[in-house]
Number of protein chains: 2
Amino acid sequence: MNAPAHIKKSQQSANPAEQLTMMASSDMQDVNAIILERMDSPVGMIPDLAQHLVEAGGKRLRPLLTIASAHLCGDVTSSHHKLAAAVEFIHSATLLHDDVIDDSDLRRGRKVANRIWGNSASILVGDFLFARAFNLMVETGSLEALNILSTASSVIAEGEVQQLATLRNIHMNEDIYMQVIGAKTAALFAAACEVSPVVSSCNQDQQEALKNYGQNLGLAFQLVDDALDYGGFEAALGKSVGDDFREGKLTLPVIRAIENADDDEMTFWKRVMSDQKQDDTDFERAVSILRQNGALDATIDMARKFAQDAKSSLSVFDNNDWRMVLEELADYVVERIN
Amino acid sequence: MNAPAHIKKSQQSANPAEQLTMMASSDMQDVNAIILERMDSPVGMIPDLAQHLVEAGGKRLRPLLTIASAHLCGDVTSSHHKLAAAVEFIHSATLLHDDVIDDSDLRRGRKVANRIWGNSASILVGDFLFARAFNLMVETGSLEALNILSTASSVIAEGEVQQLATLRNIHMNEDIYMQVIGAKTAALFAAACEVSPVVSSCNQDQQEALKNYGQNLGLAFQLVDDALDYGGFEAALGKSVGDDFREGKLTLPVIRAIENADDDEMTFWKRVMSDQKQDDTDFERAVSILRQNGALDATIDMARKFAQDAKSSLSVFDNNDWRMVLEELADYVVERIN
């Protein structure tokens, strides 16, 4: 179950995400082969568009979690590879639909697919990948895995609708925000981790532990993402900054800033968020307010707490390289902001 | 397996679709209860939007096919009701996405959902219903039913993408057209019929027969729909006429007309279809050409042939009221044009 020596050596300078990628590289070759095979279609626009998204790659964080969870639960089988590919397909489908909804420009450092092939193609190829994800799950023969991932899929859609319904609403509060990110992001992280024990010989406690790990990691991940939207640099992130601001998406940094706003700041937030009247200097001012009143730090502190919960969940497993890399990953998800 | 006497009486003046609705009314009450229960969500926009679509009702043709197929195969169970609801959810999800893609105004005689709640909500609620469909299927415990409906779902998306890729292409031919309607429409009709025997005690021949019935009925249905887009009246159809024309969607009537076009007509089709330059009188001219050169009649003739194939498929079943109503339905799907 430990990583081979030659991998260990090259891991020393790698961050935990890179370490995980190296440790899972042989499994991920199989996963990628399934992804390429199953996104194929005689209708040429489908593989063209899917490949645009898949080739950009991203971190493949969710299928990596499925593979790591499989290793924590014993032998890794072709069912785990199929589930990992299914998880990536569901994620890709939601990205394609999100890009239409958010009207964003960049995804994984590339032009978003709908800017090239149009919104209609992005909607339909998303549907195609989603259906193919279920085909893959069926092949594993696990109704429990199908249940976990179909439930996660409906929860993701619920979270996205709730986010839509609260756009530009400056009365958005922390509870609703946590529901939204728990649904739109953490549910798939949790499912990605939970499906592996289902087709392994893990016990119920271990399955629950992996689900909790994924849920908490997902919350930490999204909190940091939402902070980065006000603090990162476009090139480093591979996505635009200020998207949430421009769309009037009330994320935790802004919710906290509004809680602590003086009259002048309140007028500002109402204008830029509720009325969506923004000029060129407003984003800079927003960042400056969030920094000054500690809203970004508070967001990161909360992320750190969830990362800690994620790590604690793994205590039911023996100490080994897979548990260690998942624990380090939880810290890294937060500390990547620096 | 025969319909009760009181229903038989009221059937005498009813068309086959109405007859089927009456015969299946007790089952459809259960199906509708499942639909209402499962489209619910604490996120209010979801039931609001889903209800707008579901209340408009439509003919509920696809779940009716699932119920009728179940009756042909013996006892009808709660699994059949769940599968029928899942089929309707998949259909509703594709309608929500189609309306965004086609930019249509009316659906089932009502304003389309995206004109009220916006494109983003329609995309996401479609995703939600699709995920809920899979939840329902999981509850039946049938991996085969899951396989049939997930495969149908990916085929539908393929058909829709292929249709998108051939928009405004006057070199579109009959083979590609048949592939498109086989995928975007007939695949779900086929799956709606095929899933019932899977959770019944039907044999392989009967399962295959129901699949063929659904496939051929779906082809007939879409051919007539495409003819009606050039010949019906908005009020009677509950949807706009001329949609395909305005979108540059090359359906069989136009493909046939282009095959037989003189130079003058060819110039017309190129302008209105490829170049999408249309004025107020062009739709009328298109209808007049299609009528004159027999393209609409040829389309209906082909639909009649598929309806005949649908009916023939059912010969493996004993003669009873359910077989009879499905046979009559096949004729009715074509003759409703008059």
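# Why these words fit

Author: B:Arg110 sits in strand β2 (residues 110-111) of chain B. Strands are DSSP runs of E with at least two residues, helices are runs of H or I with at least four, and both are numbered from the N terminus. This is a predicted model, where local features need pLDDT of at least 70, side-chain atom pairs count only at pLDDT 80 or more, and totals for chains, interfaces and linings use all residues. Residues are numbered from 1 along each chain as its sequence is written, while chains are lettered from A and ligands numbered from 1 in the order in which they are written.

Reader: Why is B:Arg110 called partly exposed?

Author: Count the other C-beta atoms within 10 Å, placed from the backbone: 20 or more means buried, 12 or fewer means exposed, and anything in between is partly exposed. B:Arg110 has 17 such neighbours, so it counts as partly exposed.

Reader: What makes B:Asp279 exposed?

Author: B:Asp279 has 9 other C-beta atoms within 10 Å, so it is exposed. Its place is the loop between α15 (263-274) and α16 (282-292) of chain B. B:Asp279 and B:Ala121 are 158 residues apart in sequence, and their C-alpha atoms are 33 Å apart.

Reader: What stands out about the phi of A:Arg60?

Author: A:Arg60 has a positive phi, about 55°, yet it is not a glycine. It sits in the loop between α4 and α5 (61-72) of chain A.

Reader: Is A:Arg60 buried or exposed?

Author: There are 22 other C-beta atoms within 10 Å, so A:Arg60 is buried.

Reader: What is the phi of B:Arg60, and where is this residue found?

Author: Phi of B:Arg60 is positive too, near 55°, in a residue other than glycine. B:Arg60 lies in the loop between α4 (45-56) and α5 (61-72) of chain B. With 22 other C-beta atoms within 10 Å, B:Arg60 is buried.

Reader: How do you know that helix α14 of chain A is mostly covered?

Author: Count its residues. Helix α14 (residues 252-259) of chain A has eight, and seven of them are buried. They are A:Leu252, A:Pro253, A:Val254, A:Ile255, A:Arg256, A:Ala257 and A:Ile258. These buried residues pack against α10 (174-198), α11 (204-228), α15 (263-274), α16 (282-292) and α17 (295-313) of chain A.

Reader: Why are α3(B) and α6(B) called oblique?

Author: Axes are lines fitted to C-alpha atoms, for helices over the stretch in contact, and angles run from 0 to 180 degrees between N-to-C directions. Under 35 degrees is roughly parallel, over 145 roughly antiparallel, 65 to 115 roughly perpendicular, and the rest oblique. The axes of α3 (residues 25-38) and α6 (residues 78-102) of chain B come within 9 Å and cross at roughly 55°. The two helices are therefore oblique to each other.

Reader: What makes α11(B) roughly parallel to α18(B)?

Author: The axes of α11 (residues 204-228) and α18 (residues 321-335) of chain B come within 8 Å and cross at roughly 20°. That makes α11(B) roughly parallel to α18(B). The crossing is left-handed.

Reader: Which residues meet there?

Author: B:Tyr213, B:Leu217, B:Ala220, B:Phe221 and B:Val224 of α11(B) meet B:Leu326, B:Ala330, B:Val333 and B:Val334 of α18(B). By class, this contact has nine nonpolar, no polar and no charged residues. Nonpolar covers Ala, Val, Leu, Ile, Met, Phe, Trp, Tyr, Cys and Pro; charged covers Asp, Glu, Lys and Arg; the others, Gly among them, are polar.

Reader: What relation do chains A and B have?

Author: A rotation of 180° with 0.0 Å of shift along its axis superposes chain A on chain B, at an RMSD of 0.0 Å. That is the relation of a two-fold axis. The same surface serves both copies, as 100% of the contact residues of chain A recur in chain B. The superposition is by least squares on C-alpha atoms of residues with pLDDT of at least 70 in both copies.

Reader: How many residues are in contact between the chains?

Author: Contact means C-beta atoms, placed from the backbone, within 7 Å. By that test, 35 residues of chain A are in contact with 35 of chain B. The largest share of chain A's side, 14 residues, comes from α9(A). That side divides into 20 nonpolar, eleven polar and four charged residues.

Notes. Contact = placed C-beta atoms within 7 Å. Left-handed = near helix turned anticlockwise from the far one by under 90°.
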